Amino acid sequence: MAQSSIPQPKTSLLSEIDEKGFSTKMFSQNIRAELMCHIDAHIRKTAAPFLDSDKLSSFSLEKMAEMVPDAVWSEKMTRAFRIFPKELSDKVHKWADGNLCKELGRSRSAVNVVYPQEAETNSKLTQENLAIYWRCVRPGKPDAGRPHRDASFWDLEFKEGYDPKIPFSFNYLKDCIKIWIPLKGCIPTTALQIIPGSHKMEIPTIVEQTEYGRRPSISESWLKEHEKDFTSPKELSQGACILFDMNLVHRGPRHNNSELRVSAELNFIVQ
Ligand SMILES: O=C(O)CCC(=O)C(=O)O
Ligand SMILES: [Fe+2]
């Protein structure tokens, strides 16, 4: 994959992302409802074996999630099972292409595909499925990951031979924007939290061996020093999605809200 990109004039949206590391945009209510409908069905199906069948439809999604033992939850909620089916991911990509591409001063866009092992894990996926996926953070559970920069993950993935199957050459730092979409239960204490301006900072990061493989890890002392800088843009609780630089530090917080926190995310690659 080529790492060079043609210098292009900066639009105001691009300048804002370049300066602050992020921007927000109202997301489509209709697509949000369709995505939630798919997630609702997946959670209900996961919970079904642990419930009396006559109670299935009357329980809230929160109650459903509560019925699922942690080990089953972890297995059924690996990323391979949280990737949206093609008809839904196409809608999200089409929305982003129609609403953001021009504003970013680019003429075409693409989204990377799933990892080959995910298509093996989930028989409903093919290797061509776009890697647009959802997350669900249950109250009081460790479902959210550590603070990170997505660019550090890209670095590792490309080194390990991942092919995103983008039909044009692109630079994964300059031509890629992360989109995080709130779907349910996203209030400032549960929604994505970011450190504005952190995309331009020097941040000590190492690569660690974890139970999930090699993972980048930001130094604990840096995180401690910057704990007070994490913030959640207020627009997220009003239905806007956030667009952010691949080097911006962010995290999904653990929370104790009574509602599940559900969101979707994708890498939006533009040329
Ligand atoms: O939603 C989360 O918990 C984390 C999201 C994230 O890391 C991302 O969108 O890149
Ligand atoms: Fe991330």
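Okay, let's start with the inside of this thing: of the 271 residues in the chain, 35% are buried. Keep in mind that we're looking at a predicted model.

So what is the chain built from? There are 8 helices and 10 strands. Its radius of gyration comes out at 18 Å, close to the 18 Å from the globule rule for 271 residues, so the chain is as compact as a globular protein of that length.

Now let's zoom in on one residue, Thr 190. Where is it? Look in the loop between strand 4 and strand 5 (193-194). Is Thr 190 buried or exposed? It has 27 other C-beta atoms within 10 Å, and the cut-off for buried is 20 or more, so Thr 190 counts as buried. Setting aside neighbours within four places in sequence, its contacts include Val 137, Gly 185, Pro 253 and Arg 261. Then there's Pro 139, which is 51 residues from Thr 190 in sequence, with 9.3 Å between their C-alpha atoms.

Last stop, the ligand. Which residues surround ligand 1? They are Arg 135, Ala 144, Asp 150, Lys 178, Trp 180, Leu 192, His 250, Gly 252, Ser 263 and Glu 265. Strand 4 (176-184) and strand 10 (261-270) are the elements that give two or more residues to that shell. By type, the shell splits into 4 charged, 3 polar and 3 nonpolar residues.

Technical notes
Residues numbered from 1 in each chain as written. Chains lettered and ligands numbered in written order. Predicted model: local features only at pLDDT ≥ 70, side-chain atom pairs only at ≥ 80, totals over all residues. Near = placed C-beta within 6 Å. Helix = DSSP H or I, 4+ residues; strand = E, 2+ residues; numbered from the N terminus. Nonpolar A, V, L, I, M, F, W, Y, C, P; charged D, E, K, R; others polar. Rg over C-alpha atoms; globule rule 2.2 N^0.38 Å. Buried ≥ 20, exposed ≤ 12 C-beta atoms within 10 Å, placed from the backbone. Contact = placed C-beta atoms within 7 Å.
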